[in-house]
Amino acid sequence: MNIQWYPGHMAKAKRNIRNDLKLVDMVIELLDARCPDSSRNPDIDSFAKDKARIVLLNKADLADSRSSRAFSEEFRSKGIYSMEMDARSKASFKKLDSLISLAARPVVERNAAKGIRTPVIRAMVLGIPNVGKSTFINSFIGKGAARTGNKPGVTRGNQWISLNDKVQLLDTPGITWPKFEREIVGMNLALIGSINDDILNTEELVFYLLKYLMRYYPETLEKRYGQSMQGFEEALPAFDEIARLRACLKKGGEIDYVRAARLILDDFRSGRLGRITLEHPRNEKESAG
Ligand code: G4P
C-alpha cells in the first residue's frame, strides 16, 4: 500500500516555516515515540543545520520504553539533545527546561563572543499532524500563558508564546513532506493517526499491523483478545478470529472487516494493545512488510 499525503496547505506552511526559521535560535522537533524515524521530516537536517536542536519523543507512554531509550541514545550520539515525553503530563517539563538551557548554551556563547546579549531564546516547535504539538505547548506554558500573536516578520497565523522570561516558542502547523521515500513510512504515519483516515484502506493497514505484532509483540493479541488468539502464525486467520470474538459480523455471519479493522486500529492507537513501537533503531532495523 503506497500512502502519500501532502495537501496544498502543507506546502504553503512549509514555505512559511522556512521563512520564519531565520527568526529562531533553536528548533524543537516533536516526534512520535512509536515511530521516531517515520515521523521525522527528512528535510529537517538541512532546514535547521545551524540551529540548536532538541528532539522530543512524544507519546512515550504508548511506545516500547526500550526502543525509546535506544532512539534517544541514537539522537544524542549525533549531538542532538533528546528526551522521551508524555506531553499530557507536566512531569517531564522540568527536565526539558534544563535541556533547553543546555542546547541554547552554544548560541548564547557565540553571540557573547560577538558582543551580543541573548536575553531570550527563540525556539520553533515542529512536528507532523497529531504528534501532540498543541498538547505540548498547552501543558508546557500552563495557564495564563502569553500568546503574543503576530509580530513583524513572523508569518501570519504563527504565534510566539512566552514560556518564561527566557524562552519564547514559535508554534507552527503540523506538516508532512512531499514524498514518503519508503512505503513503511506512510504505513506507520497512518497507523499512529497522522494521516487523514479518509484516504486509507484501514483493512490493509490493520493486516500489516497484525503481521507486525505477531512478529515483534506476539503476546499482545492474546492479552487483549483472549486465549484463543494463541498459536496463530498467519495474520488473516488472526484477523478473522478477532472479528468473531468481537462480534464484527455482517448479517448472515460474514466477517465485517471494516468494523474489525477500525476496532483493532482504535485499540492500537489508544494503547489498549500495550506499549508498541513500530520500528527499531537503525542498528537493528527490520520490518514485517
Ligand atoms: P497536534 O497539535 O500535534 O495535532 O496534536 P494534539 O496536541 O492535538 O494531540 C493529538 C492527540 O494526541 C490528542 O488526543 C492528545 O491528547 C494526544 N496526546 C498528545 N500528547 C500525548 C502523549 O504524550 N501521550 C498520549 N498518550 N497522548 C498524547 P485526542 O484523543 O485526539 O484528543 P483528546 O481527546 O485527548 O483531546
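The structure is a predicted model, in which local features need pLDDT of at least 70 and side-chain atom pairs count only at pLDDT 80 or more, whereas totals for chains, interfaces and linings use all residues. Residues are numbered from 1 along each chain as its sequence is written, and side-chain values use heavy atoms, with hydrogens and water left out. Helices (H or I, at least four residues) and strands (E, at least two) are DSSP runs, numbered from the N terminus. For the protein chain, the mean pLDDT is 90, and 92% of the residues reach 70 or more. Over residues 285-289 pLDDT stays under 50, and the model has 17 contacts for this stretch beyond four places in sequence; contact means heavy atoms within 4.5 Å.

Several helix pairs were examined for their packing. Two packed helices are described by the angle between their axes and the distance between the axes. Axes are lines fitted to C-alpha atoms, for helices over the stretch in contact, and angles run from 0 to 180 degrees between N-to-C directions. Angles under 35 degrees count as roughly parallel, over 145 as roughly antiparallel, 65 to 115 as roughly perpendicular and the rest as oblique.

Helix α4 (residues 93-113) packs with helix α5 (residues 133-141) at an angle of about 90°, their axes being 11 Å apart. The two helices α4 and α5 are therefore roughly perpendicular to each other. On the α4 side the contact is made by Phe93, Leu96, Asp97 and Ile100, and on the α5 side by Phe136, Ser139 and Phe140. The residues of this contact divide into 5 nonpolar, 1 polar and 1 charged, where Ala, Val, Leu, Ile, Met, Phe, Trp, Tyr, Cys and Pro count as nonpolar, Asp, Glu, Lys and Arg as charged, and the others, Gly among them, as polar.

For helix α6 (residues 183-191) and helix α7 (residues 202-216), the axes come within 10 Å and cross at roughly 100°. This makes α6 roughly perpendicular to α7. Ile184, Met187, Asn188, Ala190 and Leu191 in α6 meet Leu205, Tyr208 and Leu209 in α7. This contact of α6 with α7 comprises 7 nonpolar residues, 1 polar residue and no charged residue. Helix α6 is mostly covered, with 8 of its 9 residues buried; buried means under 20% relative accessible area, exposed over 50%, and partly exposed in between (1.4 Å probe, protein chains only). The buried residues of α6 are Ile184, Val185, Gly186, Met187, Asn188, Leu189, Ala190 and Leu191, and what covers them includes α7 and α10. Just after α6, Gly193 takes a positive phi of about 85°.

Helix α7 also contacts helix α9 (residues 235-245). The axes of α7 and α9 come within 9 Å and cross at roughly 110°, which makes α7 roughly perpendicular to α9. From α7, Glu203, Val206, Phe207, Leu210, Lys211 and Met214 meet Ala235, Leu236, Ala238, Phe239 and Ile242 of α9. The residues of the contact of α7 with α9 divide into 9 nonpolar, no polar and 2 charged. In α9 the buried residues are Ala235, Ala238, Phe239, Asp240, Glu241, Ile242 and Ala243, and these pack against α7, α8 (220-225) and α10.

The loop between α9 and α10 contains Ala247 and Lys250. Ala247 has a positive phi of about 55° although it is not a glycine, and it is partly exposed, with a relative accessible area of 48%. Lys250 likewise counts as partly exposed, at 41% relative accessibility. Residues up to four places away in sequence not being counted, Lys250 touches Ile255 and Asp256. From Phe47, Lys250 is 203 residues apart in sequence and 50 Å apart in space, C-alpha to C-alpha.

A positive phi, near 60°, is also found in Lys59, a residue other than glycine. Lys59 is placed in the loop between β2 (52-58) and α3 (65-77) and is buried, with a relative accessible area of 19%.

Two cysteines were also considered. Cys35 counts as buried at 0% relative accessibility, and Cys248 counts as buried at 2%. With a disulfide taken as a pair of cysteine sulfur atoms within 2.5 Å, the count comes to 0 disulfides.

How values were computed. pLDDT is the predictor's confidence in each residue, from 0 to 100.
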